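I opened a notebook on this structure. The entries below follow the order in which I looked things up.

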Amino acid sequence: MEKYIDIIKNSYSGYWNYLKNEILLQNHWDNYFYGLIAISLLVWLLEILFPWRKNQSLFRKDFWLDTFYMFFNFFLLNLIVFIALSNTAAALLNDGLGLIGLSISSFQLFDVDNLPKWLGLLIFFLVSDFVQWNTHRLLHRVPWLWNFHKVHHSVKEMGFAAHLRYHWMEPVVYKSLLYIPIAIIGGFDAQDVAIVYFFAIAIGHLNHANLGWDYGILKYIFNNPKMHIWHHAKELPSHVRFGVNYGLTLSLWDYIFKTSYVPHNGRDIELGFEGDEHFPKDFLHQELYPLKTKN
């Protein structure tokens, strides 16, 4: 037990020091704090220059709530619980496997260090995006998970910062399901992963931005604003009642597995979910909602 308490304490102190360095020291290109700010400002500038919904306010509905969510979920959530939780869970899993003479590395299919860097990154990107696409489907299909995911779908006007409006339980689900697949193809260094992460953040911001883009023929590969707006549609036909367009970065999975749905220009469709008029409007009550709501 003492070992796990030390892991939790070291996780808190280690991440706190990391966060301070990210904010105060800007001497490396893969700085997540300033990277998030730079991507956000760039996409917001694109919204200002090329607005799809021209009557939508520059500071749209819930702009500041979503901005708070963005920094809370990207940084403060890690400090409060997530890093300590994931490090402890990883240690428990490794110790459990150790009892039967195994470790996570025992399941590693290959060493990415033996592959060209571009190929290793491509495999990492494809595997992680596919697992997250499937996880996203679960969030819509499983009632108790849907109660957590409602936070994200409570957005009524789309803008870049809506990308990171989600309940803290979501990354727990995503990272838990992603842990073993990524461990199986492990061996990536932090800077390599940062390339994929920044790309995913940029695409996610663009998906939620007030932009009428679909990237032409590339829409069949990459998720885009004109496609993702339908994921947030309040009303959908009965044959797709559990949702559509689940892709995070890639739209490819939706086209392959027939979950794509873009019937027409969705610029002015109503966003949300059935009964969202009763959904809490502030951060604290949105966080408490799934814990107090029965399926």
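Entry 1, Lys234. I started here and found Lys234 partly exposed, at 23% relative accessibility. My scale calls a residue buried under 20% relative accessible area, exposed over 50% and partly exposed in between, with a 1.4 Å probe and protein chains only.

I am reading a predicted model, where local features need pLDDT of at least 70, side-chain atom pairs count only at pLDDT 80 or more, and totals for chains, interfaces and linings use all residues. I number residues from 1 along each chain as its sequence is written, and side-chain values use heavy atoms, with hydrogens and water left out.

I looked for salt bridges, each a side-chain nitrogen of Lys or Arg within 4 Å of a carboxyl oxygen of Asp or Glu. Lys234 has such a bridge to Asp276, with the closest N and O atoms 3.0 Å apart. This pair links distant parts of the chain, 42 residues apart: Lys234 is in the loop between H8 and H9, and Asp276 is in the loop between H9 and H10. Asp276 counts as buried, at 6% relative accessibility.

I then found a salt bridge between Lys234 and Glu270, the closest N and O atoms being 3.5 Å apart. Glu270 lies in the loop between H9 and H10 and Lys234 in the loop between helix H8 (225-231) and H9, so this pair ties together parts 36 residues apart in sequence. Glu270 is partly exposed, at 46% relative accessibility.

I followed Glu270 to Lys156, whose side chain meets that of Glu270 in a salt bridge (3.6 Å, N to O). Lys156 sits in the loop between H5 and helix H6 (169-184) and Glu270 in the loop between helix H9 (252-256) and helix H10 (283-292), so the pair ties together parts 114 residues apart in sequence. Lys156 is partly exposed, with a relative accessible area of 26%.

Which residues do the shared partners join into one network? I noted Lys156, Lys234, Glu270, Asp276 and Glu277. A search of the whole structure gives nine salt bridges.

I call a set of points on a 1 Å grid over the protein atoms alone a pocket if it is open and has protein on both sides within 12 Å along at least five of seven lines; lining residues have an atom within 4 Å of a point. The second largest pocket is lined by 16 residues, and Lys234 is among those nearest its centre, together with Trp146, Arg241, Phe273 and Glu274. H5 supplies the largest share of this lining, three residues.

I counted ten helices and zero strands in the protein. Helices are DSSP runs (H or I, at least four residues), strands are runs of E with at least two, and both are numbered from the N terminus. Of the 295 residues, 46% count as buried.

I found Phe68 in helix H3, partly exposed at 39% relative accessibility. The C-alpha atoms of Phe68 and Ala161 are separated by 8.9 Å, and the two are 93 residues apart along the chain. Leu58 is in the loop between H2 and helix H3 (63-98), and Leu58 counts as partly exposed, at 42% relative accessibility.

Note on methods: 1 Å grid on protein atoms, 1.4 Å probe; cavity = no way out; pocket = protein on both sides within 12 Å on 5 of 7 lines; lining within 4 Å.
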